[in-house]
Amino acid sequence: MTTLIDHKRLSMPLGEAIFTQRSIRRFRPDPIPMEDLRLVIESAVRAPNGGNRQIARFLVVTDRDRIQKFGALYREAWWAKRKDEKGWTKPEDIPPDEKTYRSASVLAEEMKDVPCVVLAYGMPPGWANSVIPAVQNMMLAARALGIGSIPTTLHPSVMDRVHALFGIPKDAVFHFCIPLGYPRGTFGPNVRRPTSETTFLDRWDGPVPWR
Ligand SMILES: Cc1cc2nc3c(=O)[nH]c(=O)nc-3n(C[C@H](O)[C@H](O)[C@H](O)COP(=O)(O)O)c2cc1C
């Protein structure tokens with residue numbers, strides 16, 4: 001594989017990538033070329049990070065057998081979180097209007113079939129704020145290549161088994177599990193509160209001059 005990083009392949013306008021990067025939770029099984037996986041990781045590591053200490057580590061998983069095993073742990077973790085948060089233990093417990101949870105529960109079933117999973121870690125001290133910018137860079141680069149993604153988390157009850165499955169050192173600090181794949185469905189705009197409600201000018205509660 002060439003060592004040249006062909007970042008010009010990320011030619012989608014930045015605005016288009018940012019404004020169409022909604023959550024993708026349903027993936028086609030088609031594999032992602034390794035050169036594209038490399039490009040998204042090369043994009044990730046360009047992100048700012050504390051003192052340029054570069055504590056972020058990425059475990060890129062494409063092996064089907066490991067993804068199958070990881071998928072079972074992800075599903076268990078997803079339901080463990082729902083039990084902790086909501087007391088839900090089965091799909092029928094999710095209220096019909098909880099669309100995000102319903103869609104997330106489908107991902108919990110389908111994680112075992114995704115073409116690629118990236119686990120994002122930080123080496124000690126493991127700062128989240130030195131890993132998360134890299135994850136966002138990675139997801140935007142993926143978007144520019146037509147690859148969907150979503151940041152997801154796990155649950156303490158499965159972490160020892162996740163570490164054992166992949167030989168992850170005990171002191172590595174987990175931040176995100178990001179499935180990657182070509183979407184079933186489409187990219188598109190997401191829904192957010194107006195920035196005039198979430199953004200202040202010059203002082204807390206200072207109104208911004210737009211609506
Ligand atoms: C810290 C964090 C944890 C998340 N955990 C999950 C998760 O476990 N499962 C899931 O399907 N989505 C997860 N998400 C994705 C969010 O549900 C998603 O970003 C949010 O609903 C906005 O989606 P949208 O950009 O499509 O509007 C997580 C996102 C973040 C930032």
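Predicted model: local features only at pLDDT ≥ 70, side-chain atom pairs only at ≥ 80, totals over all residues.
Residues are numbered from 1 along each chain as its sequence is written. Strands (E, at least two residues) and helices (H or I, at least four) are DSSP runs, numbered from the N terminus, and two strands pair if DSSP finds at least two bridges between them.

Strand β2 (residues 116-122) and strand β4 (residues 173-181) run antiparallel and are joined by 7 bridges. Strands β3 and β4 also pair in the antiparallel sense, over 2 bridges, and here serine 149 stands opposite leucine 180 in β4. The 4 strands form an open sheet in the order β1-β2-β4-β3, with antiparallel pairing; its edge strands, each paired on one side only, are β1 (56-61) and β3 (148-149). Because 7 of the 9 residues of β4 are buried, this strand is largely enclosed by the rest of the structure, where buried means that 20 or more other C-beta atoms, placed from the backbone, lie within 10 Å of the residue's own, exposed means 12 or fewer, and partly exposed lies in between.

Helix α3 lies across β1, β2 and β4 and runs at about 115 degrees to β1. Contact here requires C-beta atoms, placed from the backbone, within 7 Å; axes are lines fitted to C-alpha atoms, for helices over the stretch in contact, with angles from 0 to 180 degrees between N-to-C directions.

The axes of α3 (residues 64-86) and helix α4 (residues 99-110) come within 7 Å and cross at roughly 150 degrees, which means that α3 is roughly antiparallel to α4, a label for angles over 145 degrees. Tyr74, Arg75, Trp78 and Trp79 of α3 meet Ala104, Ala108 and Glu109 of α4, and this contact divides into 5 nonpolar, no polar and 2 charged residues. In this division Ala, Val, Leu, Ile, Met, Phe, Trp, Tyr, Cys and Pro count as nonpolar, Asp, Glu, Lys and Arg as charged, and the others, Gly among them, as polar.

With helix α6 (residues 156-166), the axis of α3 comes within 9 Å and crosses at roughly 170 degrees, so α3 is roughly antiparallel to α6. The contributors include Phe70 and Leu73 of α3 and Val158 and Val162 of α6, and by class the contact has 7 nonpolar, 1 polar and 4 charged residues.

## Ligand shell

Among the residues around the ligand are Arg22, Arg25, Thr100, Ala104, Ile150 and Asn190, each with its C-beta atom, placed from the backbone, within 6 Å of the molecule. The shell divides into 5 nonpolar, 5 polar and 2 charged residues.

## An exposed proline

Proline 124 is placed in the loop between β2 and α5 (132-144), and this proline is exposed, with 10 other C-beta atoms within 10 Å. From C-alpha to C-alpha, proline 124 and leucine 165 are 21 Å apart in space and 41 residues apart in sequence.

Terms used. Parallel < 35°, antiparallel > 145°, perpendicular 65-115°, else oblique. Contact = placed C-beta atoms within 7 Å.
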